[in-house]
Amino acid sequence: MYQQMIFVNLHTNDLGASKQFFTRLGFAINEQFSDDSTASVVISDTIVVMVHTSEKYLQFTKKEIADSTKTSEVLLALSAESREKVDELVDKAVAAGGSVSGETQDHGFMYGRAFDDPDGHTFEVVWMDPAAVQG
């Protein structure tokens with residue numbers, strides 16, 4: 001059965017630091033699709049983050065690259081299986097060189113926190129009570 005995938009393409013100022021950051025979060029680098037200008041970061045079976053140097057990124061767009069430390073170009077949200085897993089991933093991100101972004105959101109049935117990676121891209125990590133999702 002076909003599963004649609006998402007490939008999120010991000011710019012980095014330091015490819016080596018980005019690879020180290022994402023592997024410290026527990027994500028694998030797919031070396032088959034990585035080289036000296038791109039790292040293929042496997043988030044799940046259907047989510048891959050392609051981190052590119054400026055030169056490589058500019059091959060995909062004619063637009064100016066946003067400085068994500070000053071401008072928000074995208075908010076990336078990842079689900080988590082529990083509140084504890086939300087905290088675990090955000091805490092790992094901070095320990096790996098990222099920073100907390102915004103305030104913790106706790107609505108009882110939904111819990112979330114966010115972090116910025118070293119390049120300033122914001123990742124929201126959210127848990128939702130399965131009973132609330134089912135209705």
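**Reading a predicted chain by its definitions**

From the N terminus on, the elements of the chain run β-α-β-β-β-α-β-α-β-β-β-β-α, where helices (H or I, at least four residues) and strands (E, at least two) are DSSP runs numbered from the N terminus. This is a predicted model, in which local features need pLDDT of at least 70 and side-chain atom pairs count only at pLDDT 80 or more, while totals for chains, interfaces and linings use all residues. Residues are numbered from 1 along each chain as its sequence is written, and side-chain values use heavy atoms, with hydrogens and water left out.

Me: Why is T122 called buried?
Reply: Buried means under 20% relative accessible area, exposed means over 50%, and partly exposed lies in between (1.4 Å probe, protein chains only). T122 has a relative accessibility of 12%, so T122 counts as buried. T122 lies in strand 9, residues 122-128, and, leaving aside its neighbours within four places in sequence, T122 is in contact with V74, L75, L76, S101, A114, F115 and D116, contact meaning heavy atoms within 4.5 Å. Of the 135 residues of the chain, 38% count as buried.

Me: Why is G16 called partly exposed?
Reply: G16 has a relative accessible area of 46%, and therefore counts as partly exposed. G16 has its place in helix 1, residues 15-24, and its C-alpha atom is separated by 31 Å from that of S82, which is 66 residues away along the chain.

Me: How do you know that the buried residues of helix 1 are on the same side?
Reply: The buried residues of helix 1 are L15, S18, F21 and F22. They cover an arc of only 125° around the axis, so they are on the same side of helix 1, the arc being that of the directions from the helix axis to the C-beta atoms. These buried residues pack against strand 3 (38-42), strand 4 (47-52), helix 3 (83-95), strand 8 (110-116) and strand 9.

Me: Why is A95 called exposed?
Reply: A95 has a relative accessible area of 56%, and for that reason counts as exposed. A95 is found in helix 3, and, C-alpha to C-alpha, A95 and V49 are 20 Å apart in space and 46 residues apart in sequence.

Me: What makes T61 partly exposed?
Reply: The relative accessible area of T61 is 24%, so T61 counts as partly exposed. T61 has its place in the loop between helix 2 (54-57) and strand 5 (75-79), and T61 and V125, which are 64 residues apart in sequence, are 28 Å apart in space, C-alpha to C-alpha.
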